[in-house]
Amino acid sequence: RIQADPNVHAKNILIDNKQLYIWSMNLSTNAIEQNREIGVVTTDTWVVNTFLKQFQEDRETKATSYQN
């Protein structure tokens, strides 16, 4: 399903704008031992650049909306 305005709660690490980690897991005992979680690691340039562009847009938009 594709949403027009998705709201995703994910954890991300981008290293040197080259290696991207995206996952759903919280760093808690319950999440690690009880939950079914998913994660992805990629160095695909298109994916990394798309993520970075969206992250920057979200940061600018969210920062502006919190100031108002």
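User: What is the strand order in the open sheet?

Analyst: The order is β1-β2-β3, with antiparallel pairing. This is a predicted model.

User: Which strands are at the edges?

Analyst: β1 and β3 (39-42) are the edge strands. Each pairs on one side only.

User: And what does the twist average from one strand to the next?

Analyst: The twist averages 5 degrees.

User: OK, how many bridges between β1 and β2?

Analyst: Five, in the antiparallel sense. β2 covers residues 19-23. Tyr21 in β2 is the bridge partner of Ile13.

User: How many residues sit between β1 and β2 in the hairpin?

Analyst: Three. Asp16 is in the turn and has a positive phi of about 55 degrees.

User: How many bridges join β2 to β3?

Analyst: Four bridges join them, and the two strands run antiparallel. Thr42 in β3 stands opposite Leu20.

User: New topic. Where does Lys11 lie?

Analyst: Lys11 lies in β1, which spans residues 11-15. Lys11 is buried.

User: Which side chain of opposite charge is nearest to Lys11?

Analyst: Glu37, but it is 6.5 Å away. A salt bridge needs the charged atoms within 4 Å. Lys11 has no salt bridge.

User: Then what does the side chain of Lys11 make a polar contact with?

Analyst: The side chain of Asn26, at 2.9 Å.

User: Leaving aside neighbours within four places in sequence, which residues is Lys11 in contact with?

Analyst: Tyr21, Ile22, Trp23, Ser24, Met25 and Asn26.

Key:
Residues numbered from 1 in each chain as written. Predicted model: local features only at pLDDT ≥ 70, side-chain atom pairs only at ≥ 80, totals over all residues. Heavy atoms only, no water. Buried < 20%, exposed > 50% of the residue type's maximum accessible area, 1.4 Å probe, protein only. Lys, Arg positive; Asp, Glu negative; His and termini not counted. Polar contact = N/O pair within 3.5 Å; in protein donor to acceptor, adjacent residues only side chain to side chain. Contact = heavy atoms within 4.5 Å. Pairing = 2+ DSSP bridges. Axes fitted to C-alpha atoms, helices over the stretch in contact; angles between N-to-C directions.
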